[in-house]
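Notebook open, structure loaded. I wanted a quick look at a few spots before doing anything else.

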Amino acid sequence: MTLLAQMAIQGAVGFAIGAGTNDLAIRWVFNALFTKKKKLIAENTKEVICNELMTSEKIVAKLSSPGVKAALERDIRRQLDDLGDTAKSVLGNVGKGVGAALPDLLKEEVRAFAKVADLFDNDLRATVARICANQMSAYLAGHLPQLIEETDIWNIVYETIMSYDEQKLVLLTRQVANRELRGVTLWGGMIGAVVGVAMSLVMWAIS
């Protein structure tokens, strides 16, 4: 066998061994990690999220931002518009005779409801929506930390991880870090190939 052929074979074998052992090691580490340390991972993830990534202060700051207030205001305004349209529709149906079967007292209540809804013109609806949005934002800013503490809402993170299948967690984690893990596997293969070629040269030099 020529030296070049021996180097090629040894390099290919070394690459397969290096890449294969690295891949097996990665699989073993992830499987062992999520099988034996699942509870610890869930607890630590919960702690990181509630104490570092999504603290009460950060959530309050986000909810108090102009963008969130504007979204609240738009939604409240849309609800008020829908209420007004509903009132007009109901009043129209009563006037068309649909309300003939309704008791007189109920008819008066419907008409009163429609009249109240009619009082909310565009400017008034906009003002009410803006005031409600500001009040909601202020309430959340003042009470959110207490609500989070009392409800322990971040426990959802812990419970979700604990209920997740270990193999799905392994697959999900590997998918997230797929490029880096593939690099580790390839580097192991390259190192194995270099060792294989080096061994061929050493054997050739000795012989």
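This is a predicted model: local features need pLDDT of at least 70, side-chain atom pairs count only at pLDDT 80 or more; totals for chains, interfaces and linings use all residues.

I started with the nonpolar patch, and its largest share, six residues, comes from helix α9 (residues 178-206). Next I listed the members of the patch, which are F15, L186, W187, M190, I191, V195 and M199. Together they put about 700 Å² of accessible area on the surface.

I then picked M199 out of that list and found it in helix α9. Is M199 buried, exposed or partly exposed? I get 42% relative accessibility for M199, so it counts as partly exposed, since that class runs between the 20% and 50% cut-offs.

**D23**

Over to helix α1 (residues 3-36), where D23 sits. I checked what its side chain does: the D23 side chain makes a polar contact with the side chain of R27, at 2.8 Å. Then I skipped the neighbours within four places in sequence and asked which residues D23 is in contact with. I noted R174 and T185.

**L63**

My last stop was L63, in helix α3, which covers residues 56-63. L63 has 25% relative accessibility, so I put it down as partly exposed. Leaving out residues up to four places away in sequence, I have L63 touching V68, K69, S137, L140 and L144. I also looked up the spacing between L63 and A141: they are 78 residues apart in sequence, yet their C-alpha atoms are 7.5 Å apart in space.

Key: Residues are numbered from 1 along each chain as its sequence is written. Side-chain values use heavy atoms; hydrogens and water are left out. Helices (H or I, at least four residues) and strands (E, at least two) are DSSP runs, numbered from the N terminus. Buried means under 20% relative accessible area, exposed over 50%, partly exposed in between (1.4 Å probe, protein chains only). Contact means heavy atoms within 4.5 Å. A polar contact is a pair of N or O atoms within 3.5 Å; within protein, one must be able to donate a hydrogen and the other to accept it, and residues adjacent in sequence count only if both atoms are side-chain atoms. Patches are made of residues with over 30% relative accessible area and no salt bridge: like charges are joined within 9 Å, nonpolar side chains (Val, Leu, Ile, Met, Phe, Trp, Tyr) within 5 Å. Accessible areas come from the Shrake-Rupley method with a 1.4 Å probe; for residues, only the protein chains shown count as cover. A salt bridge is a side-chain nitrogen of Lys or Arg within 4 Å of a carboxyl oxygen of Asp or Glu.
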